[in-house]
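Colleague: I am new to this structure and would be grateful for a close look at one part of it, the pairing of its strands. Please then continue from there to the side-chain contacts and the helices.

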Amino acid sequence: MTIADVKKNAQERMNKSIDTLKSDLAKVRTGRAHTGILDHVMVDYYGSATALTQIANVTLIDARTIGVQPWEKKMLSTVEKAIRDADLGLNPSSQGDMIRVPTPPLTEERRKEMVKLVKSEAEDAKIAIRNIRRDANESLKKLVKDKACSEDDERRASEEIQKLTDKFVIDVDKLVAEKEKEVLTV
């Protein structure tokens, strides 16, 4: 393993942490409807738990309503029940061969809870990034111990990894600020 490998590995892992944070933030409900809210709803499809998106077409009807159209008409009531049981605070209603899922506006108290959740997700991402930095620095120390690089090279690489860490922490803060603004917008 070389210094370049250590830096590349650290950067890839930090990118994955950012991607994970983005997907976690997408699950947090805002005032507007978005199809991502239903991504994790599991439906009992002939005895096996299946993701809603694999058995139905999920679309936005308007800013506050999600439309779910199962590909099989007989799955309509099962899908409706799965959405209701998913504990998302949504109350779906069937209309012909489509399910309308209105998203109620968030109360001020609920918005503040969402902001706390967003900040918690951000802190988890920062911890993950710092752990990656620690692992990279330990790998660099091991390279010095094994005489695969000099102490000067190790110090320079540690500084570069610290700059990389700082960059990713700033990215986390930007993502969180955007999501907070989105959640608090009425």
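Modeller: Strand S3 (residues 56-62) is joined to strand S4 by six bridges, and the two run antiparallel. Two strands are taken as a pair if DSSP finds at least two bridges between them. The strands themselves, like the helices, are DSSP runs numbered from the N terminus, with at least two residues in state E for a strand and at least four in state H or I for a helix. This is a predicted model, in which local features need pLDDT of at least 70 and side-chain atom pairs count only at pLDDT 80 or more, whereas totals for chains, interfaces and linings use all residues. Residues are numbered from 1 along each chain as its sequence is written, and side-chain values use heavy atoms, with hydrogens and water left out.

Ile-66 has Val-101 as its bridge partner in S6. S4 is mostly covered, since five of its six residues are buried. Here buried means under 20% relative accessible area, exposed means over 50%, and partly exposed lies in between, computed with a 1.4 Å probe on protein chains only.

Asp-97 and Lys-73 form a salt bridge, their closest N and O atoms being 3.3 Å apart. Asp-97 lies in the loop between strand S5 (93-95) and strand S6 (98-102), and Lys-73 in the loop between strand S4 (65-70) and helix H3 (76-85), so the pair ties together parts that are 24 residues apart in sequence. The term salt bridge means a side-chain nitrogen of Lys or Arg within 4 Å of a carboxyl oxygen of Asp or Glu. Asp-97 is partly exposed, at 34% relative accessibility, while Lys-73 is exposed, at 62%.

Strand S1 (residues 42-45) and strand S2 (residues 48-51) run antiparallel and share four bridges. Asp-44 is opposite Ala-49 in S2. Two residues lie between S1 and S2, and Tyr-46 in the turn has a positive phi of about 50°.

The whole structure holds one aromatic pair. The ring centres of Tyr-45 and Tyr-46 are 4.8 Å apart and the planes stand at 65°, so the pair is edge-to-face. Rings of Phe, Tyr and Trp (its six-membered ring) pair if their centres lie within 6.5 Å; planes under 30 degrees apart count as stacked, over 60 as edge-to-face and the rest as tilted. Tyr-45 is partly exposed, at 25%, whereas Tyr-46 is exposed, at 52%.

Another ring contact involves a charge. Lys-167 lies over the face of Phe-168, 4.3 Å from the ring centre. Such a placement requires NZ of Lys or CZ of Arg within 6 Å of the ring centre and within 35 degrees of the ring normal.

The salt bridges extend into the helices. A search of the whole structure finds 17 of them. In one, the side chains of Glu-80 and Arg-84 meet at 3.3 Å, N to O. Glu-80 and Arg-84 are four residues apart in helix H3 and are therefore separated by about one helical turn. Glu-80 is buried, at 14%, and Arg-84 is partly exposed, at 39%. Arg-130 pairs with Glu-123 in a further salt bridge, with the closest N and O atoms 3.6 Å apart. Arg-13, Arg-134, Asp-135 and Glu-138 are linked in a network of salt bridges.

The helices themselves complete the account. Helix H1 (residues 3-27) has 25 residues, which at 1.5 Å a residue should span 36 Å; its end C-alpha atoms are 37 Å apart, in agreement. That expected span is 1.5 Å times one less than the number of residues. Among the buried residues of H1 are Ile-3, Val-6, Ala-10 and Met-14. The cover over the buried residues of H1 includes helix H4 (108-145) and helix H5 (151-184), where contact means heavy atoms within 4.5 Å. Ile-127 belongs to H4 and is partly exposed, at 40%. The C-alpha atoms of Ile-127 and Val-169 are 9.5 Å apart, although 42 residues separate them along the chain.
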